[in-house]
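Notebook open, model loaded. I wanted to look up a few helices and a couple of residues.

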Amino acid sequence: MPKGRALKKKSSFDKLLEGFSRINTVLTGIAMVLMTAIFGWLVFGRYVLNATPTWVEQVSLLLIVYISFLGGSIGVHRKTHLGVSVFREMSPKPIQRIFDFLTPAILAGFGILMAVYGYKLTVFKWSTEIPLLRISEGWRALPISVSGVLILLYSIGHLIHFFFDHNDDEDAE
């Protein structure tokens with residue numbers, strides 16, 4: 001983070017996004033711990049009790065979807081998402097600024113698509129049941145739309161910083 005931005009007071013929107021990110025991080029962390037415990041139970045059941053718990057696979061598949069999509073949105077917020085920066089780094093400053101704009105703009109569009117089509121998939125799957133768990137299959141599709149909304153919000157936050165904080169970046173260099 002540039003020094004100039006570290007001293008700047010955060011807006012209410014930034015604080016809201018940071019709060020979403022913290023909640024998201026805690027939820028994905030809990031899901032990872034749960035998944036580890038569930039697999040521990042699977043190994044214990046299989047090798048000690050000689051009775052493999054059948055529900056473990058379905059629960060782990062459900063948890064991995066939440067971990068992946070919600071964790072991916074955290075990556076967008078922290079700007080640690082997968083990206084190819086070699087072209088940006090090789091480009092002159094004006095072209096770098098274009099890349100700096102395009103990245104969150106494209107991610108915002110992607111977030112909208114995820115939110116809309118994730119919602120449609122959730123509604124479509126809601127009447128189907130996940131085998132062994134007896135809960136709606138829609139719970140597997142729900143994190144797609146939630147992640148899409150979060151990616152959109154985080155991208156809007158990055159775009160706001162792009163348009164209003166770019167002078168701070170230049171001063172810090």
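Here is what I noted down, starting with the ground rules.

I'm working from a predicted model, where local features need pLDDT of at least 70, side-chain atom pairs count only at pLDDT 80 or more, and totals for chains, interfaces and linings use all residues. Numbering runs from 1 along each chain as its sequence is written, and side-chain values use heavy atoms, with hydrogens and water left out.

**Helix H2.** The expected span is 1.5 Å times one less than the number of residues. I then listed buried positions (under 20% relative accessible area; exposed is over 50%, partly exposed in between, with a 1.4 Å probe and protein chains only). Among them in H2 are Asp14, Leu17, Met35 and Leu42.

**Threonine 36.** This residue also lies in H2. I put threonine 36 down as exposed because its relative accessibility is 57%. Its C-alpha is 36 Å from that of lysine 10, 26 residues away along the chain.

**Helix H3.** I got 32 Å from first to last C-alpha for the 23 residues of H3 (residues 56–78), close to the expected 33 Å. Lysine 79 follows H3 and has a positive phi, near 60 degrees.

**Serine 155.** I found serine 155 in helix H6, residues 138–172. At 0% relative accessibility, serine 155 counts as buried. Leaving out residues up to four places away in sequence, serine 155 touches Val76, Pro104, Leu107 and Ala108 (contact means heavy atoms within 4.5 Å).

Key. Helices (H or I, at least four residues) and strands (E, at least two) are DSSP runs, numbered from the N terminus.
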